[in-house]
Amino acid sequence: MKRELTAGIVLLLLAVGSWLNLNYLRNFTGSLTETLELSRAYCESEQYELAESELEKASDTWLAADGYTHIFIRHSEIDSTTDAFFELMSDVRSQDAQSAAGSYEKLLAHLSSLYTMERVTLGSIF
């Protein structure tokens, strides 16, 4: 009986931990997305210095979360998201709004997929 109770408690702790991680990840990627959307708006209005400033804030936030990301996110996803940040930074610094538009979409898709891939669904269990 003690083993079953212990197993039940462990399963409950895993479920709560997963829920907490998903909430943190949703908030984290959401704040990055908001900053990137502001940067995109500046870029589209050809205010490249402001766009770069907001992009640097988002990039610094992403890089500062290294301790979290390297524990809870797949390394291939970390690498591709980091590469997308640097690609976008290059486009914004070169003041190429057309190329930056695609780079914004790519980076936002990477950030969105981080949460989507971690979310637990019946399909991911069975």
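This is a predicted model: local features need pLDDT of at least 70, side-chain atom pairs count only at pLDDT 80 or more; totals for chains, interfaces and linings use all residues.
Gln95 lies in the loop between H4 and H5. Helices here are DSSP runs of H or I with at least four residues, strands are runs of E with at least two, and both are numbered from the N terminus. Phi of Gln95 is near 55°, a positive value in a residue other than glycine.

Residues are numbered from 1 along each chain as its sequence is written, and side-chain values use heavy atoms, with hydrogens and water left out.

Now the whole chain. It holds 6 helices and 0 strands. From the N terminus on, the order is α-α-α-α-α-α. The C-alpha trace spans about 65 × 25 × 20 Å along its principal axes. The radius of gyration, taken over C-alpha atoms, is 18 Å, while a compact globule of 126 residues would have one near 14 Å. That globule rule is 2.2 Å times the number of residues to the power 0.38.

Next comes the surface. The chain exposes about 8000 Å², and carbon and sulfur atoms supply 59% of it. Accessible areas come from the Shrake-Rupley method with a 1.4 Å probe; for residues, only the protein chains shown count as cover. Of the 126 residues, 33% count as buried. Buried means under 20% relative accessible area, exposed over 50%, and partly exposed in between (1.4 Å probe, protein chains only).

Turn to H4, residues 75-93. Its 19 residues should span 27 Å at 1.5 Å a residue, and its end C-alpha atoms are 27 Å apart, which agrees. The expected span is 1.5 Å times one less than the number of residues. Several residues of H4 are buried, including Glu77, Ile78, Thr81, Phe85, Leu88 and Val92. An α-helix has 3.6 residues a turn, so residues three or four places apart point the same way. The buried residues of H4 pack against H1, helix H2 (48-64), helix H3 (66-72) and helix H5 (97-118).

His110 lies in helix H5. It counts as buried because its relative accessibility is 18%. Not counting residues up to four places away in sequence, His110 touches Glu77, Ser80, Thr81 and Ala84. Contact means heavy atoms within 4.5 Å. Glu52 is in helix H2. With a relative accessible area of 21%, Glu52 is partly exposed. Leaving aside neighbours within four places in sequence, Glu52 is in contact with Met89, Val92 and Arg93.

H1 covers residues 2-44, and Ser39 is found in it. Ser39 counts as buried because its relative accessibility is 0%. Leaving aside neighbours within four places in sequence, it is in contact with Ala51, Glu54, Leu55 and Tyr104. In the loop between H1 and H2 sits Glu46. Glu46 has a positive phi of about 60° although it is not a glycine. It counts as exposed, with 58% relative accessibility.

Finally, contacts over the whole chain. Among those with a separation of 6 or more, 66% come from residues 24 or more positions apart.
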